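Student: I would like to learn how to read the features of a model like this one. Please take them in turn, with the general idea and then the case at hand.

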Amino acid sequence: ASLWGTVIVLLPALWIVLLFWIVRTQMYAFPLFAVMLILLIRESTSPSKRIYWVYPILILWANLHGSVTLGVGLVAIYALTQLRVDWHRALLLIITSPLTIFLTPYGPDTWHYYHDTLLNGALRKYATEWWPLFSHPQLISALPVGILFALGIWALRRQQTLFERLALLLLAVSAVLAVRNVVWLGFSAMILIAPALRIRRPPRPAHRSLNAVLASLALVGLIGSLVAVGLKSDSFFEKNY
């Protein structure tokens with residue numbers, strides 16, 4: 001992506017991530033979501049056997065957090081867009097990817113968890129993070145989402161593949177339906193929207209040194225955060241309860 005396009009998307013995207021950044025198992029699903037989305041985007045332009053990596057990703061994801069259903073949805077969208085290319089493989093993905101949800105120590109009983117969460121009307125009534133976005137009391141969270149929506153509408157016309165368009169639409173709709181899904185839109189914006197904002201200019205040499213510095217700072221920040229959290233006492237995490 002161009003530098004300005006990345007910055008424009010990064011600001012509201014990071015705003016979303018920070019608003020919903022809580023110490024919980026969902027955090028461990030964030031890198032899996034990013035890897036899954038990048039893999040599916042690459043496969044949508046150049047199909048190969050790499051697509052089968054979705055299975056170990058989904059299995060690991062299923063054993064970490066219930067948001068694996070979003071990953072299964074993305075795989076299903078990819079498969080539907082590939083029906084004309086290779087319907088055998090596409091049909092296999094559609095049928096078998098949902099089964100990875102049950103490859104946990106709980107086996108078939110995993111269904112009860114999703115029944116009591118995704119299909120539980122009481123959560124949408126009493127748990128604020130399950131409320132629709134624009135009915136949430138913290139309307140400040142809707143502002144960066146609105147910015148990304150506007151950028152997303154522009155990006156939809158410039159996405160390279162049908163999968164990218166449908167994936168962005170799915171993530172946007174899921175963000176509107178439940179506040180807890182907004183964070184996925186924040187991460188996906190850096191992957192899907194930023195490249196679509198690229199300005200057509202003559203190619204320039206890659207700023208490798210700048211990239212190395214930014215990557216190093218991000219790595220140092222990640223390690224520092226992990227160490228800082230690891231040194232906290234139990235009371236730090238329990239004080240709000």
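This is a predicted model: local features need pLDDT of at least 70, side-chain atom pairs count only at pLDDT 80 or more; totals for chains, interfaces and linings use all residues.

Student: Which residues of helix 9 are buried?

Tutor: Buried means under 20% relative accessible area, exposed over 50%, and partly exposed in between (1.4 Å probe, protein chains only). In helix 9 the buried residues are Phe163, Glu164, Ala167, Leu168, Leu171, Ala172, Ser174 and Ala175. They lie on the same side of helix 9, because they cover an arc of only 165° around the axis; the arc is that of the directions from the helix axis to the C-beta atoms.

Student: What covers the buried residues of helix 9?

Tutor: The cover is read from contacts, that is, heavy atoms within 4.5 Å. It includes helix 2, helix 4 (68-81), helix 8 and helix 10 (182-196).

Student: How far does helix 8 reach from its first C-alpha to its last?

Tutor: Helix 8 (residues 142-156) has 15 residues and reaches 20 Å, close to the 21 Å expected. Its buried residues are Ala142, Pro144, Val145, Leu148, Leu151, Gly152 and Ala155.

Student: How many helices and strands does the protein have?

Tutor: There are 12 helices and zero strands. Of the 241 residues, 37% count as buried. Among contacts with a separation of 6 or more, 73% come from residues 24 or more positions apart.

Student: How many salt bridges are there?

Tutor: A salt bridge is a side-chain nitrogen of Lys or Arg within 4 Å of a carboxyl oxygen of Asp or Glu. By this rule there are two. One joins the side chains of Glu43 and Arg50 at 3.0 Å, N to O. Glu43 counts as buried because its relative accessibility is 0%, whereas Arg50, at 37%, counts as partly exposed. Another joins Asp86 and Arg89 at 3.8 Å, N to O. Here Asp86 is partly exposed at 30%, and Arg89 is buried at 18%.

Student: Where is Gln82 found, and what is it in contact with?

Tutor: Gln82 is in the loop between helix 4 and helix 5. With 8% relative accessibility, Gln82 counts as buried. Leaving aside neighbours within four places in sequence, Gln82 is in contact with Ser44, Pro47, Trp87 and Ala90.

Student: Is Ser97 buried or exposed?

Tutor: Ser97 has a relative accessible area of 1%, so it is buried. Ser97 sits in the loop between helix 5 (87-96) and helix 6 (110-117). Beyond its neighbours within four places in sequence, Ser97 has contacts with Tyr55, Leu58, Val72, Val75 and Leu92.

Student: Where does Thr25 lie, and which residues does it touch?

Tutor: Thr25 lies in the loop between helix 1 (3-19) and helix 2 (30-45). Its relative accessible area is 43%, so Thr25 is partly exposed. Not counting residues up to four places away in sequence, Thr25 touches Leu64 and His65. Thr25 and Gly66, 41 residues apart in sequence, are 9.4 Å apart, C-alpha to C-alpha.

Student: Which residues form the nonpolar patch on the surface?

Tutor: Patches are made of residues with over 30% relative accessible area and no salt bridge: like charges are joined within 9 Å, nonpolar side chains (Val, Leu, Ile, Met, Phe, Trp, Tyr) within 5 Å. The patch consists of Leu219, Leu222, Ile223, Leu226, Val227 and Leu231, with about 630 Å² of accessible area together. Accessible areas come from the Shrake-Rupley method with a 1.4 Å probe; for residues, only the protein chains shown count as cover. Leu219 lies in helix 11 (residues 208-230). The protein exposes about 14600 Å², of which carbon and sulfur atoms supply 69%.

Definitions and conventions. Residues are numbered from 1 along each chain as its sequence is written. Side-chain values use heavy atoms; hydrogens and water are left out. Helices (H or I, at least four residues) and strands (E, at least two) are DSSP runs, numbered from the N terminus. The expected span of a helix is 1.5 Å times one less than its number of residues.
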